[in-house]
Amino acid sequence: MNDNPASALVLKTDVAVIGGGTAGLAAERAARKNGASTLLIDPDFNGTTCARVGCMPSKLLIAASREAARIERAGLFGIEVEGVRIDGPAVLRRVRIERDRFARLTREAIARLPKEVAIRARARFEGPGRLLLDDGRQVEARTIVIATGSAPILPEPFAALGAAALTSDTVFDLEDLPRRLAVVGSGAIGLELAQAFAHLGVEVALFDKGERMAKVRCDKVHGALREVMEDDLALHLGVDVTPHASDHGVRLSWNGASEGEALFDKVLVAVGRKPQLGGLDLDKAGLDLDDHGVPRYERTTMRCGESSVFMAGDAAADLPLLHEASHEGAIAGRNAAAFPAPIPVERNTPFAITFTEPVLATIGKAEKEGAVTGSADFSNQGRARVDGLNRGILTLYAAAPDGRLIGADLIAPAGEHLAHMLAWAVQGGLTATQLLNMPFYHPTVEEGLKQALRTICAATPIALPPDQDAGTPAGA
Ligand SMILES: Cc1cc2nc3c(=O)[nH]c(=O)nc-3n(C[C@H](O)[C@H](O)[C@H](O)COP(=O)(O)OP(=O)(O)OC[C@H]3O[C@@H](n4cnc5c(N)ncnc54)[C@H](O)[C@@H]3O)c2cc1C
């Protein structure tokens with residue numbers, strides 16, 4: 001790692017990547033693989049957001065909550081479990097131990113970069129193609145990739161609460177589970193963490209100023225999500241929340257669709273994330289910025305206009321997801337190396353999974369853009385009933401006239417697997433008939449799709465395949 005300020009005052013490179021997270025690492029790797037000299041600049045190299053405070057610690061907490069929920073459900077199968085006690089410090093200790101392991105692995109990957117590539121410093125623009133580092137050095141680069149990620153938004157009234165206000169950056173450092181937790185924000189992060197804490201025995205209230213959680217497009221799926229959440233926690237949608245510091249934690253008052261006031265030990269603020277572009281002096285980079293101060297760029301090349309600057313990952317404020325950060329990093333890095341002749345890449349079918357129980361997912365395009373819909377209800381689906389996980393709804397969207405699948409919304413058992421299958425089917429351009437003609441193993445949750453696929457087939461001119469015109473009975 002090159003972190004000696006005295007080693008050179010001006011560093012020259014083909015591609016300078018700002019930010020050593022998932023997107024930055026992918027960009028640097030792709031640029032180097034394509035023959036460019038590279039610099040990867042980060043003030044910390046402390047492991048990626050995903051490993052430290054994002055995907056992995058949240059899924060570790062959810063893994064513990066799922067075990068707790070399974071034990072809670074055991075009575076359904078005639079299994080009595082007595083003396084269950086959730087050891088909060090032990091739950092959070094495992095989250096941190098495993099999280100630290102994932103973060104260490106990302107740091108080790110950075111340590112394996114060729115000598116002189118990793119520069120430990122904070123960068124900002126000094127002019128087009130020129131960066132100033134906070135250790136006084138300068139970088140001259142043919143092209144620059146901005147991969148500075150995003151950070152949780154903590155509005156001032158909550159920031160004033162000090163340690164009683166948590167964000168996803170701090171929540172996994174709790175030593176013990178709080179007794180009462182308020183979660184403000186019902187996007188993916190808020191939903192996942194609110195439900196996980198609730199399943200771990202925390203009394204949780206979830207607030208949002210909007211009426212729609214996680215921007216779910218389908219009313220039926222949103223209704224099912226609402227039922228799931230209301231079973232697990234106190235849900236307050238369509239309300240404005242005001243926090244007040246209290247000797248015993250945080251007092252929240254709310255009004256709007258409902259009114260009330262309650263005391264909590266902590267409040268987890270999950271009202272969104274903002275691209276980390278503030279300290280970059282983008283005005284000096286000669287870039288065209290949108291109303292939010294994000295450089296305008298072309299999604300297929302990640303290039304900002306006609307400039308030599310490329311965007312990648314959460315900083316690009318498009319799809320703040322791990323696989324997209326990695327893909328965008330690879331596109332940006334390769335095109336930064338190929339400058340000035342970027343190669344456009346067809347983007348993958350967008351899909352997002354929220355790891356609630358059941359899993360919530362959004363795939364591709366929605367109803368308003370397609371002509372035909374089909375839906376499936378999991379309350380009586382064979383395998384879902386066998387496992388006692390029989391709740392959820394799936395809505396498939398297809399284009400007329402051939403029933404080509406364009407997207408789906410779902411909250412369903414095995415939802416993460418259904419979401420993958422459907423994203424691949426959409427990206428592969430499959431019609432409902434073609435997917436229905438694929439083998440479906442019995443008894444699986446995947447069979448639940450047939451109901452929705454048949455509705456679409458019936459509504460489009462392409463005939464049902466001959467062996468699929470009768471349903472598989474749930475118990476057959
Ligand atoms: C709680 C939570 C749960 C999540 N769960 C999932 C999930 O289940 N699945 C999923 O797909 N996604 C999930 N995500 C989203 C996913 O983690 C992010 O999309 C992804 O990590 C973004 O990667 P990135 O490379 O853009 O940013 P980061 O990994 O944050 O990297 C940005 C880097 O830029 C550096 N930097 C910033 N400014 C400068 C500067 N001026 N100079 C130099 N360096 C700078 C930072 O130090 C940082 O290292 C989750 C996120 C959160 C917060």
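Author: The model is predicted. Helix 1 (22–33), strand 2 (38–42), helix 2 (49–52), helix 3 (55–73) and helix 8 (322–338) each contribute at least two residues to the shell around the ligand. Among these contributors, helix 3 has the largest share, with 3 residues. The ligand has 35 residues around it, and those that come nearest are Asp42, Thr49, Lys59, Asp314 and Leu322. Sorted by class, the shell holds 17 nonpolar, 13 polar and 5 charged residues.

Particular atoms may now be considered. A polar side-chain atom of Asp314, one of the nearest residues, is placed 2.7 Å from an oxygen atom of the ligand. The backbone also takes part: a polar backbone atom of Thr22 is 3.0 Å from an oxygen atom of the ligand, and a polar backbone atom of Ile41 is 3.5 Å from a nitrogen atom of the ligand. On its own, the ligand has 1,000 Å² of accessible area, of which the protein covers 91%.

Between strand 2 and helix 2, two of the elements that supply the shell, runs a loop that contains Phe45. The phi angle of Phe45 is near 45°, a positive value in a residue other than glycine. Most residues other than glycine have a negative phi, and most peptide bonds are trans. A cis peptide bond is found between Phe339 and Pro340, with omega at about 10°. Pro340 belongs to the loop between helix 8 and strand 18 (351–354), and helix 8 is another of the elements that supply the shell.

With 5 residues, helix 3 gives the most to the lining of the second largest pocket. This pocket has a volume of about 450 Å³, and its lining consists of 19 residues, with Ala69, Glu72, Arg73, His199 and Asp232 lying nearest its centre. Helix 3, helix 6 (188–199) and helix 7 (219–232) are the elements that give two or more residues to this lining. By class, the lining of the second largest pocket divides into 9 nonpolar, 4 polar and 6 charged residues. At least three of the lining residues come from each of domain 2 (156–271) and domain 3 (351–468).

Rolling a probe the size of a water molecule over the atoms shows where empty space is left. A search of the whole structure finds 1 cavity of 30 Å³ or more, and the largest cavity has a volume of about 40 Å³. The largest cavity is lined by Ile62, Ser65, Arg66, Glu192, Gln195, Ala196, His199, Phe355 and Glu357. Two or more of these residues are given by each of helix 3 and helix 6, and helix 6 has the largest share, 4 residues. The lining of the largest cavity has 3 nonpolar, 3 polar and 3 charged residues.

Pro358 itself lies in the loop between strand 18 and strand 19 (359–364).

Terms used:
Residues numbered from 1 in each chain as written. Predicted model: local features only at pLDDT ≥ 70, side-chain atom pairs only at ≥ 80, totals over all residues. Heavy atoms only, no water. Near = heavy atom within 4 Å. Polar contact = N/O pair within 3.5 Å; in protein donor to acceptor, adjacent residues only side chain to side chain. Areas by Shrake-Rupley, 256 points an atom, 1.4 Å probe, with all protein chains shown as cover. Nonpolar A, V, L, I, M, F, W, Y, C, P; charged D, E, K, R; others polar. 1 Å grid on protein atoms, 1.4 Å probe; cavity = no way out; pocket = protein on both sides within 12 Å on 5 of 7 lines; lining within 4 Å. Points joined across faces, edges and corners; volume = space filled by probe spheres on them. Domains from an automatic or database assignment.
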